[in-house]
Amino acid sequence: MLRVAVPNKGALSEAAMSMLSEAGYLQRRDRKQLRLLDEANGVEFFYLRPKDVAVFVGQGIIDLGITGRDLFADARLGHGAEEVMGLGFGRSTFRLAAPQGAFSAPEQLAGKRVATTYDGLLSGWLESAGIRDVDVVHLDGAVESAVSLGVADAIADVVETGNTLKAAGMETFGPSILESEAILISSSEENTVSNGAARLIRRLQGVIVARQYVMMDYDIRREHLESAMEITPGLESPTISPLADENWVAVRSMVPAKDTNQLMDELYDLGARAILVTTIHACRV
Ligand SMILES: Nc1ncnc2c1ncn2[C@@H]1O[C@H](COP(=O)(O)OP(=O)(O)OP(=O)(O)O)[C@@H](O)[C@H]1O
Ligand SMILES: O=P(O)(O)OC[C@H]1O[C@H](OP(=O)(O)OP(=O)(O)O)[C@H](O)[C@@H]1O
Ligand SMILES: [Mg+2]
């Protein structure tokens with residue numbers, strides 16, 4: 001039986017469960033439920049603290065898990081587990097921040113105190129950046145208050161909209177330490193090719209593609225077909241069907257959802273007509 005860890009609370013929990021539901025797996029209804037057996041799919045789900053997911057998968061107790069790339073890096077597992085793929089939700093950036101004007105470069109942190117919830121991630125980055133003698137202060141949350149309360153000179157934290165930092169009168173400085181999103185991790189490479197795991201990975205890939213692509217249909221005169229196919233090359237290659245009027249063909253192609261309007265404008269300018277866009281409910285790529 002494949003064992004899969006899912007965040008039980010926090011920023012990633014709901015989105016992780018709805019992605020698994022979309023992929024055809026049973027998910028818990030009760031927020032207090034700690035495990036759930038999906039017998040039909042041969043998977044047992046364990047609902048764990050997102051920070052602990054990496055630990056269980058790293059020790060091989062659980063085969064696959066969903067967590068944040070920043071949380072995974074923070075666990076500093078070395079070869080214990082590996083990232084299989086990004087899941088396209090829970091995006092954030094891990095940044096240094098301090099009161100406006102206090103610091104302009106991370107090198108200035110030598111000899112200073114930096115508060116964070118992610119000490120493993122921060123210490124690893126400071127080491128690799130060659131910034132020594134930084135006092136990393138561990139806090140469990142509300143890190144933005146650390147400077148005004150006098151326990152630190154700067155902080156390192158998750159930034160999504162930047163509203164929390166702004167409200168605390170702080171600004172980011174230095175480079176982005178990590179671009180994070182929800183990821184699928186695996187306890188070993190062999191594990192990802194076992195029957196149940198390979199199927200779960202394929203299903204999640206299908207959900208990601210169904211969310212990122214739409215289906216575009218249009219009619220175009222034959223002489224413009226080649227240029228049109230350059231605009232909508234599709235995943236493999238577009239489907240071309242004959243029309244009753246033999247000067248025209250119908251084209252069907254998957255295109256990135258975010259480019260929809262731009263592509264419709266380009267196709268229209270080329271002479272395409274009856275341009276239709278439909279969402280993809282599910283797919284296997
Ligand atoms: N706005 C956000 N705030 C916090 N975490 C976010 C945000 N957007 C995305 N994430 C991601 O969610 C994960 C943090 O999950 P976690 O459950 O620890 O969040 P949390 O809301 O801080 O939970 P808690 O504070 O209860 O520990 C990280 O991978 C982080 O990058
Ligand atoms: O850039 P923003 O969109 O403002 O989001 C980032 C903030 O959200 C998270 O805090 P959370 O609400 O999880 O509280 P916590 O610090 O107590 O964990 C994170 O730690 C930042 O404080
Ligand atoms: Mg938090």
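In which sense do strand 2 and strand 3 pair, and over how many bridges? The legends below start from this pair and describe a predicted model.

**View 1. Strand 2 and strand 3.** The two strands pair in the antiparallel sense, and four bridges link strand 2 to strand 3 (residues 43–48). Within this pairing, Asp38 has Val43 of strand 3 opposite to it.

View 2. Six strands make up an open sheet with mixed pairing, and their order is 2-3-1-4-11-5. Strand 2 (35–38) and strand 5 (82–86) are the edge strands; each has a single partner strand, so one side of each has no neighbour in the sheet. On average, neighbouring strands of this sheet are turned by 25° against each other, direction ignored.

View 3. Helix 1 (residues 13–22) lies across strand 1 (2–7), strand 4 (64–68) and strand 11 (182–186). Helix 1 runs at about 140° to strand 1. Helix 2 lies across strand 1, strand 3, strand 4 and strand 11, and runs at about 145° to strand 4.

**View 4. The surroundings of ligand 1.** Ligand 1 is surrounded by 16 residues, of which Gly10, Ala11, Gly68, Ser92 and Glu160 are the closest. Sorted by class, this shell holds six nonpolar, six polar and four charged residues. Domain 1 (2–88 + 181–193) and domain 2 (92–179) each contribute at least three residues to the shell around ligand 1. At least two shell residues come from each of helix 2 (50–58) and helix 3 (69–75).

**View 5. The annotated span, residues 49–205.** In an unreviewed entry, UniProt records the feature "domain: ATP phosphoribosyltransferase catalytic" at residues 49–205. In the model, this span is 27% helix and 31% strand, and its end C-alpha atoms are 24 Å apart.

View 6. Four strands in the order 13-14-12-15 form an open sheet with antiparallel pairing. Strand 13 (239–242) and strand 15 (273–279) stand at the edges; each has a single partner strand, so one side of each is without a neighbour in the sheet. From one strand to the next, the twist averages 20°.

**View 7. Strand 12, strand 15 and helix 8.** Strand 12 (residues 213–221) and strand 15 run antiparallel and are joined by five bridges. Val214 has Thr279, in strand 15, as its bridge partner. Helix 8 (residues 260–270) lies across strand 12, strand 14 (248–256) and strand 15. The angle of helix 8 to strand 15 is about 160°.

Terms used: Residues numbered from 1 in each chain as written. Chains lettered and ligands numbered in written order. Predicted model: local features only at pLDDT ≥ 70, side-chain atom pairs only at ≥ 80, totals over all residues. UniProt positions renumbered as here; feature names shortened; annotations may be inferred. Near = placed C-beta within 6 Å. Nonpolar A, V, L, I, M, F, W, Y, C, P; charged D, E, K, R; others polar. Domains from an automatic or database assignment. Pairing = 2+ DSSP bridges. Axes fitted to C-alpha atoms, helices over the stretch in contact; angles between N-to-C directions. Contact = placed C-beta atoms within 7 Å.
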